[in-house]
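This briefing is for a reader who has not seen the model before.

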Amino acid sequence: MAKIAFIGIGVMGGPIAAHLARAGHDLTVYNRTRSKAENWVSDHGGTFAPSPAEAAKDAQIVITCVGNDDDLSAVTMGRDGAFGSMQSGSLFIDHTTVSAQIARQLSVEAQGRGIHVVDAPVSGGQAGAENGKLSIMCGGSKEAFAAAQIIMDVYAARIVHVGGPGAGQTTKMCNQIAIAGILEGLSEALRFAQASRLDLDRVYESISGGAAQSWQMDNRWATMAKDEFDFGFAVDWMRKDLGLALAEARTNGSTLPVAALVDQFYAEVQAIGGGRNDTSSLVSRLPKSKT
């Protein structure tokens, strides 16, 4: 079993780390809010460390799951960052959704220290993390991916090596771009069905077996119809992710008109207080028919 440092015991990181602990790995955890790390250790065992550098000391593998580029930079390359105490030959796996730029930067920084790096953002939400059924898209060398896959198998249903450093992050952007368009279409279809006074259960039964079918339809149609948005992936996080995609598009020359439009629609949801609601709350900005 491996000696693992896990940095970021939040909504996603906590369950992922728990799967590793149950698989018998030796975990040391760090979280910016110390009480979260202490509570996790109380529930799952292992030890907690006062800094990323302390957590990573003597670890064979360091895994991060934090908030954004600045957070990731701080816990890796900051004054008390993990890279400062990681040994040559160790493995670094990042599950944060961040820019491709910082993923590539970390790969270069780590290469000079003899550290293997995989950028590995995840899809599947909190439920996927808790059930060990995440989809993980990976960037990095073949050697780094091969080593990381053995660990990630513990909590993932699908793991794909897409390409070199940063490819995992750009693939996650593809995922979020696709979801944005699907949710807007689903929101409009639902409101249209409501305005037409159709039986929504029958509408779902009719269209979910054909070309319109999607994960979002199967998992969110019924709850959207009930205005239930207190679960899943938050609007605030989706806007962060779409912002990353739009920024990368300016770099690679692609055009994302629908993603840019839906990003602004999500800004409207935030403006009415829905920033912490699930992304399916996109429908809440569309008025219900009064007829």
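Which residues of helix 12 are buried? They are A259, V262, D263, F265, Y266 and V269, where buried means under 20% relative accessible area, exposed over 50% and partly exposed in between (1.4 Å probe, protein chains only). This is a predicted model, in which local features need pLDDT of at least 70 and side-chain atom pairs count only at pLDDT 80 or more, while totals for chains, interfaces and linings use all residues. Residues are numbered from 1 along each chain as its sequence is written, and side-chain values use heavy atoms, with hydrogens and water left out. Helices (H or I, at least four residues) and strands (E, at least two) are DSSP runs, numbered from the N terminus.

**Helix 12**

- Helix 12 covers residues 257–271, which is 15 residues. From its first C-alpha to its last it reaches 21 Å, close to the 21 Å expected at 1.5 Å a residue; the expected span is 1.5 Å times one less than the number of residues.
- The buried residues of helix 12 fall within an arc of 165° when seen down its axis, so they line one face of the helix. The arc is that of the directions from the helix axis to the C-beta atoms.
- An α-helix has 3.6 residues a turn, so residues three or four places apart point the same way.
- P257 and A271 are exposed on the other side of helix 12.
- Helix 8 (167–195) and helix 11 (235–252) are among the elements that cover the buried residues of helix 12; contact here means heavy atoms within 4.5 Å.
- After helix 12 comes G273, with a positive phi near 90°.

**Helix 5**

- Helix 5 (residues 100–111) has twelve residues, which should span 16 Å at 1.5 Å a residue; the end C-alpha atoms are 17 Å apart, which agrees.
- A100, I102, A103, L106, S107 and A110 are the buried residues in helix 5. They cover an arc of only 165° around the axis, which puts them on the same side of helix 5.
- Q101 and V108 are exposed on the other side of helix 5.
- Helix 4 (69–77), strand 5 (91–94), strand 6 (116–119), helix 8 and helix 11 pack against the buried residues of helix 5.

- R191 sits in helix 8.
- A polar atom of the R191 side chain lies 3.2 Å from the backbone oxygen of V283.
- Apart from neighbours within four places in sequence, R191 is in contact with D227, V283, S284, L286, P287 and K288.

**L200**

- L200 is in helix 9 (200–207) and counts as buried at 17% relative accessibility.
- Not counting residues up to four places away in sequence, L200 touches L190, A193, Q194, W221 and A225.

- Most residues other than glycine have a negative phi.
- D58 has a positive phi of about 70° although it is not a glycine. D58 lies in the loop between helix 3 (52–56) and strand 4 (61–64) and counts as partly exposed at 46% relative accessibility.
- R197, also not a glycine, has a positive phi of about 55°. R197 is in the loop between helix 8 and helix 9, and is exposed with a relative accessible area of 63%.

Technical notes: Polar contact = N/O pair within 3.5 Å; in protein donor to acceptor, adjacent residues only side chain to side chain.
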